Amino acid sequence: GVTANLMVKGSRHNQPVQFKALYPKTGGGEDIDFVFQMKEYYKAAAKTEGVVVGVKGAKVQHPWWNKGKCCYKQINGWANGDSMCLLEWPEKTFFVAPNWVECIVFLSLAHVLFLEQPLCVSPLLKSLIAISTFDHVTKTIGFLTSASRSCPRSHFLRQIIVAFGGSTVISAQEITRVYCALKRLCFKSLCRRMDWFDGQAKMEVFDFQLRSVLYFLVYSLIVYCYYS
């Protein structure tokens with residue numbers, strides 16, 4: 001992770017910056033928020049050198065969540081905290097094209113408002129299923145390399161299942177972020193993502209934005225095919 005093995009400036013007995021209590025105990029957002037607080041605090045004091053540094057040689061023993069078993073409660077809690085970071089640090093976010101969850105929400109809303117038809121009609125359902133399927137197939141393909149490394153002796157079908165499981169973790173985070181934004185009625189959080197690198201990896205951000213546009217074009221083509 002981007003906050004793994006970091007060392008921060010200050011004293012453990014008189015630390016001017018503290019973790020905020022608003023973030024969930026599952027983790028998510030609080031580490032990024034802490035780093036941003038540290039940088040802002042020392043920036044105000046005109047001391048920016050060595051505030052946060054990476055310790056490449058550090059080794060950390062981190063216990064598994066839920067004994068290594070998949071724990072969607074923790075995953076959703078992490079995404080909830082990450083969505084809070086968007087509200088705490090809006091100046092450190094960037095715009096992207098709608099992901100598959102946001103497209104489903106926008107399409108469903110537009111279907112009801114402009115076509116004045118129920119949500120159960122064929123073009124809408126087919127579009128939603130196709131968008132979701134395309135997204136998860138591409139994610140599964142992306143995780144296949146990692147799955148083959150983690151279980152090299154397993155049958156290819158098992159590797160696909162493992163890769164698909166990885167795709168559901170990302171999807172759970174995306175669904176939770178959108179749900180939290182709608183629950184808080186904070187629509188400005190939609191189509192925005194956290195710049196975890198704080199402007200130090202502009203090509204990473206550009207790559208994310210470009211991929212989001214390409215995916216959105218595919219989603220739009222799917223909708224057009226089913227509604228035309």
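Me: Which residues does Trp-78 touch, not counting residues up to four places away in sequence?
Reply: This is a predicted model, in which local features need pLDDT of at least 70 and side-chain atom pairs count only at pLDDT 80 or more, while totals for chains, interfaces and linings use all residues. Residues are numbered from 1 along each chain as its sequence is written, and side-chain values use heavy atoms, with hydrogens and water left out. Trp-78 has its place in helix H2, where helices (H or I, at least four residues) and strands (E, at least two) are DSSP runs numbered from the N terminus. If contact is taken as heavy atoms within 4.5 Å, the residues touched by Trp-78 are Thr-26, Gly-27, Gly-28, Gln-173, Arg-177 and Trp-196.

Me: What is the relative accessible area of Trp-78?
Reply: Buried means under 20% relative accessible area, exposed means over 50%, and partly exposed lies in between, with a 1.4 Å probe and protein chains only. Trp-78 counts as partly exposed because its relative accessible area is 23%.

Me: Which residues is Asp-82 in contact with, leaving aside its neighbours within four places in sequence?
Reply: Asp-82 lies in helix H2, which runs over residues 72-88, and Asp-82 counts as buried because its relative accessible area is 5%. Leaving aside those neighbours, the contacts of Asp-82 are with Gly-28, Gly-29, Arg-177, Met-194 and Trp-196.

Me: How many Å apart are the end C-alpha atoms of H2?
Reply: The expected span of a helix is 1.5 Å times one less than its number of residues, so the 17 residues of H2 should span 24 Å. The model agrees with that expectation, since the end C-alpha atoms of H2 are separated by 24 Å.

Me: How many salt bridges does the count come to?
Reply: A salt bridge is a side-chain nitrogen of Lys or Arg within 4 Å of a carboxyl oxygen of Asp or Glu. Among the residues concerned, Lys-39, Glu-40, Lys-92 and Asp-198 are linked in a network of salt bridges. By this rule, the count of salt bridges comes to 10.

Me: Which residue forms a salt bridge with Lys-20?
Reply: Lys-20 sits in the loop between strand E1 (6-8) and helix H1 (30-44), and its partner is in helix H1, 13 residues apart in the chain. The closest N and O atoms of the pair are 3.2 Å apart, and the partner of Lys-20 is Asp-33.

Me: Which residue forms a salt bridge with Arg-193?
Reply: Arg-193 is in strand E4 (residues 192-194), and the pair links distant parts of the chain, its other member lying in helix H3, 91 residues apart. With the closest N and O atoms 3.2 Å apart, the partner of Arg-193 is Glu-102.

Me: How many residues apart in sequence are the parts that Glu-174 and Lys-139 tie together?
Reply: Glu-174 forms a salt bridge with Lys-139, the closest N and O atoms being 2.6 Å apart, and both residues are buried. Because Glu-174 lies in helix H5 (residues 156-183) and Lys-139 in helix H4 (residues 122-150), the sequence separation of the parts they tie together is 35 residues.

Me: Near what value is phi of Asp-198?
Reply: Asp-198 lies in the loop between E4 and H6, and it counts as partly exposed because its relative accessibility is 21%. Its phi is positive, in a residue other than glycine, with a value near 55 degrees.

Me: Near what value is phi of Cys-191?
Reply: Cys-191 lies in the loop between H5 and E4, and it counts as buried because its relative accessibility is 12%. Its phi is positive in a residue other than glycine, the value being near 60 degrees.

Me: What percentage of the 228 residues of the protein chain count as buried?
Reply: The secondary structure of the protein chain comes to 6 helices and 4 strands, which follow the pattern β-α-β-α-β-α-α-α-β-α when read along the sequence. The C-alpha atoms fill a box of roughly 65 × 50 × 30 Å, taken along the principal axes. Of the 228 residues of this chain, the proportion that count as buried is 36%.
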